[in-house]
Amino acid sequence: MEASLAPQPAAAASSSSPSPAATHSGKRKRSAPHEKAKRLKTEQVGDEELQRGRASGPPRVSVLLDRLQQPITLKELTELLHYAALGKPCGIKQPSWCCLHHQKKVHRVNVAIVEGLTQSHFYKHYLSLQHLRTNYSTRVTFTPSSENIASGIFRSEVPKGDWSPIPSLQSPLQKVVNAHPVVKTFGKQKRGLTAYVLSKEDMIKKHYPVKGMVGFEEFVCTDSSDSVTDHSPLFGIDCEMCQTMKGYELTHVALVDSSGTCLLDELVKPQNKIIDYLTCFSGITAAMLRPVKTTLRDVQARLRMLLPSDAVLVGHSIDCDLAALKLIHPHVIDTSLLYKRLYGQKFRLKVLAEAVLKREIQSDTQKGHDPLEDAFAALELAQYFIQTGPAQVVELHLEDLWGYTIVDEEPADYEPAPSPINRFSDILQTLGRSVAYLGKRSHVELDLSKQQWYKSDKELLASFKRQTNQPFLSVTQFSSFADRLKPLGLHPELQHQRACADLRDMCVVFAGPFPACFSERDVRRLFRCCGPIQRIQMLNRVHARVEFQLLEGATLAVKTLNGLRLQGQSIKVRRPVHESTLDLDLALDTLTEDTSNTCDLYAVKLRPSQAERIRNPPEINRQMPGVQCSGASVNGLPPSETDCEHVQLTEETFRKTFSRFGAVEDVILLPKPEKKAPHANIKFESSEGKQAALSSSAELQRENYLICPSVTPRHLASWVAMATSTGMDGEAGEMTTHRHSDSQDEQLIPMLAKLDHRLGKLFQSLPEGTLSVVLLPGLSRSRLWHHLLHNLISTEPF
C-alpha cells in the first residue's frame with residue numbers, strides 16, 4: 001500500500017476550524033525549485049517500472065504525497081471516476097489530487113459503499129480486516145458533501161468534452177425501442193416461454209413463496225419437476241381475497257388451461273372471522289359465502305391434482321395469488337413484470353387488457369372482479385408476449401400503452417434542447433456503457449431499471465457474482481454492518497468516540513515515578529524527544545499519562561526512556577494494559593509490515609544534550625539534561641541555556657543524512673507546538689534503503705538521530721489529530737472514560753470479519769481491469785459528522 005504520514009484532523013470540533021494540514025503546509029520549508037519539480041515529477045510517475053524505462057504496465061493509482069495530508073471531497077472523487085471512465089479521448093483531464101496511470105486499460109469501475117464502517121473501525125480492528133488492508137493499496141481521507149453518496153456519483157457533472165456518440169443511422173423509432181426497459185430486460189428477439197419464467201433468485205428477491213425461505217414454512221408445495229421447457233403447458237390463475245381477523249385470506253380462485261378452458265372456479269370459506277369482504281374488489285358478499293364449505297386445504301389439494309409436473313403458472317402480480325393460496329410453485333410468469341414501465345411501476349391488468357387484448361375487463365358496471373376473467377386475460381397477455389416478441393410488442397403498443405409519439409422527420413430548424421447538466425450516468429449510457437446501483441432501497445438519481453434493491457448484503461453479493469455482463473459503472477452499497485450496529489444500542493457519535501478512544505490508547509504511555517519537583521512542563525520536555533505530544537496528564541503528582549500524536553512516539557518512548565534515572569530514581573515507561581491493547585504488539589507488527597509502510601522510516605533529530613543521555617546507559621544519580629526543577633540549573637547549565645537549545649532543521653538536512661542509505665523519495669517534517677520540526681517521516685524509493693538505515697541505527701544515534709520503522713500510514717495522521725482531540729473536556733481538560741470490556745466490542749469482531757470476507761468476494765468477482773473504490777462513510781446522519789466519520793480506501797485491482 002502506498003500511503004504516507006501527514007497531519008490532518010478526522011474529528012474537529014466544528015467544520016469551520018482550519019485543518020492542521022492547512023496550517024502545516026505553510027510551515028514546511030521548501031527545497032530548491034528544481035529539486036521540488038524533480039520530486040513532483042517522480043511522485044506523479046510513482047511507478048518503479050516506469051522509472052526503469054518501461055512504458056507499459058497495468059493501470060494503477062498514485063496519490064501526490066502532499067495531497068495525502070488533505071481530505072478529498074466527493075467532487076474530487078468523481079474527478080477520478082470521470083477520468084477512469086472517459087479519459088483524455090473525451091477531453092477529461094487527470095484528477096487534481098492523484099494520477100491514474102494507463103487509463104486506457106481501465107475496463108470497469110466499481111464503487112463499494114460500506115455503511116457504518118469508519119476509519120476508526122478500520123484501524124481499531126485492523127487485524128480482522130485482512131482483505132481491506134492487503135488488497136487496497138491507496139488510502140486517503142474522504143469528506144463527502146452529501147449523505148447520499150451513490151446518487152452524488154451518478155449525478156455528478158462531467159466537464160464538457162468530446163464525449164458525444166457517433167451519429168447513429170437508426171430511426172427515431174429504433175432508438176426508442178432499443179432503449180426501452182422491456183427490450184433491455186428481455187432482448188429484441190423472440191424466445192421461448194422459459195426465457196420469461198422467473199428464476200429462483202428473482203423469486204427470492206421479489207419475495208415470492210419459495211421452499212425453504214423464512215415465512216413460508218406452512219405453505220404447500222406442488223408436485224413440480226425441477227425444470228420446464230418451451231413446450232411446457234401454461235395455466236392462468238387469479239384469486240380474490242377478503243380481510244379477516246388474521247389478515248387477508250382466500251375467498252375465490254380460478255384456474256384456466258392454455259386453451260382458456262376453465263379448470264377451477266371455486267368460492268372458498270376463510271378459516272378466520274371476516275371483518276371486511278372487500279366487495280368492491282372481490283365481488284364477494286356474506287350471502288355468497290354462507291353456504292360454502294370448501295376450505296383452503298381443499299383448493300390446495302385440487303390444484304396439486306390439476307397441475308402437471310411441468311406446469312407454468314401465469315398471473316398478474318402472481319406473488320399475491322400464491323400467498324393467498326399458501327402455495328409454492330417454482331415455475332411462474334408474472335405479466336406485471338413482462339410489460340415493464342419506464343420507472344418500475346406496474347400496469348394494472350385492466351389497462352393491459354384494453355391496450356393489448358382490446359378487451360374490457362373489470363368494468364365499472366360489474367360488482368367486483370371476476371377471477372376467471374382475470375386469469376384468462378393474464379394467460380392471453382403472456383401468450384401474446386411470447387409469440388410476438390419483446391421488440392415487436394414495444395413497437396406495436398409504444399403509443400397506446402407507453403405513451404410515446406414518434407416524429408420521423410425533424411424540422412430543418414430543429415435544435416435539441418441543451419441538457420441542464422452533463423450527468424455522469426447519462427453520458428456513459430449515451431456512449432453505450434451500462435450503469436447500475438445495487439444495495440438497499442435509496443433515493444438514487446438513476447432510472448429504476450438500473451437499480452437492484454436487496455435486503456441483505458448476502459443477496460447483493462450473490463446477485464453481483466451471478467452477473468455475466470457486469471455494468472461498466474457499478475455502485476454497490478453494503479448496509480448490514482450499519483443495521484447490526486443499531487441493536488447494540490450505540491449512538492453513531494458514541495460508537496465513533498469509543499473507537500477513537502481505543503485507538504488513542506495505542507499512542508499512550510504511562511511513566512514514573514518522577515522526582516517530586518517534576519511538573520507537567522518538565523515531563524513534556526523529557527518526552528518530546530520521541531515525537532509530537534498531544535497532551536500530558538499528571539497522576540498522583542509523580543506519575544504521568546503521556547499521549548503522543550503518533551504511534552511512533554509511544555514506541556520510541558518505551559524503547560529509549562524506560563529505565564532512565566532522574567535524581568537517583570529510575571522511571572518506568574510502559575504502555576497501558578487493558579482489553580483494547582491486548583493484541584497491540586501484533587497490531588503494530590502488522591502495521592509495520594503493511595505495504596503502505598514498506599519504504600517509510602520515522603526519524604527524530606535530538607538536541608546534543610538529549611542524545612548524550614540516550615547514548616550512554618543511565619547511571620545512579622545522573623540527571624536528565626534539559627530538565628530543571630524549581631528554577632535550579634541542571635548539570636551546571638543555566639536554565640536559559642537548556643531551555644533555548646533547539647535544532648534548526650529543514651527537509652534537506654534529513655535528505656542529506658539519509659540519502660546515503662538509498663534514494664529518498666520524500667521527506668515530511670512533522671509539526672511541533674514550539675514551531676520546530678525535529679521529527680520527520682522519510683520515504684525511500686525502495687525498501688532496501690529503509691532496511692539499510694535501520695541496520696545503521698547505532699551509527700545514526702551517534703549523529704543524534706533516533707529512528708524506527710514507520711507504523712502510521714501517512715494519511716492516518718489526519719485521523720490521529722482527530723482521535724487525540726476527542727474525549728477531552730474543553731474546560732477541565734480531563735479525559736472522558738470509556739469501557740474496554742463492553743460486550744459490544746466483542747460482537748463487532750465477527751461482524752467485521754464477515755463484512756471483510758464479503759468485500760473480498762466482491763473484489764475477486766471484478767473483471768480484469770476494474771478500478772475498485774471502497775468508501776467508509778460511517779453512520780453519519782447530519783452534515784456535522786461529514787468531516788468526522790469518513791474515510792476512503794481506494795485500490796487498483798487491475
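Guide: Helices (H or I, at least four residues) and strands (E, at least two) are DSSP runs, numbered from the N terminus. This is a predicted model, where local features need pLDDT of at least 70, side-chain atom pairs count only at pLDDT 80 or more, and totals for chains, interfaces and linings use all residues. Residues are numbered from 1 along each chain as its sequence is written, and side-chain values use heavy atoms, with hydrogens and water left out.

Visitor: Okay, where's Ser317 found?
Guide: Ser317 sits in the loop between β12 (312-315) and α14 (318-325). Its phi is near 55°, a positive value in a residue other than glycine.

Visitor: Which peptide bond is cis, then?
Guide: The one from Gly512 to Pro513, with omega near 0°. Pro513 is in the loop between β18 (508-512) and α23 (520-527).

Visitor: Switching to helices: at what angle do α16 and α17 pack?
Guide: About 50°, with the axes of α16 (residues 349-357) and α17 (residues 371-388) 10 Å apart. That makes α16 oblique to α17. Axes are lines fitted to C-alpha atoms, for helices over the stretch in contact, and angles run from 0 to 180 degrees between N-to-C directions. Under 35 degrees counts as roughly parallel, over 145 as roughly antiparallel, 65 to 115 as roughly perpendicular, and the rest as oblique.

Visitor: Which residues meet there?
Guide: From α16, Leu349, Leu352, Val356 and Leu357; from α17, Asp374, Ala377, Ala378, Glu380, Leu381 and Tyr384. Contact means heavy atoms within 4.5 Å.

Visitor: Last one: where does Thr657 lie?
Guide: In helix α28 (residues 651-658). Thr657 is buried, at 10% relative accessible area. A polar atom of its side chain lies 3.0 Å from the backbone oxygen of Thr653. Leaving aside neighbours within four places in sequence, Thr657 is in contact with Leu700, Glu703 and Tyr705.

Terms used
Buried < 20%, exposed > 50% of the residue type's maximum accessible area, 1.4 Å probe, protein only. Polar contact = N/O pair within 3.5 Å; in protein donor to acceptor, adjacent residues only side chain to side chain.
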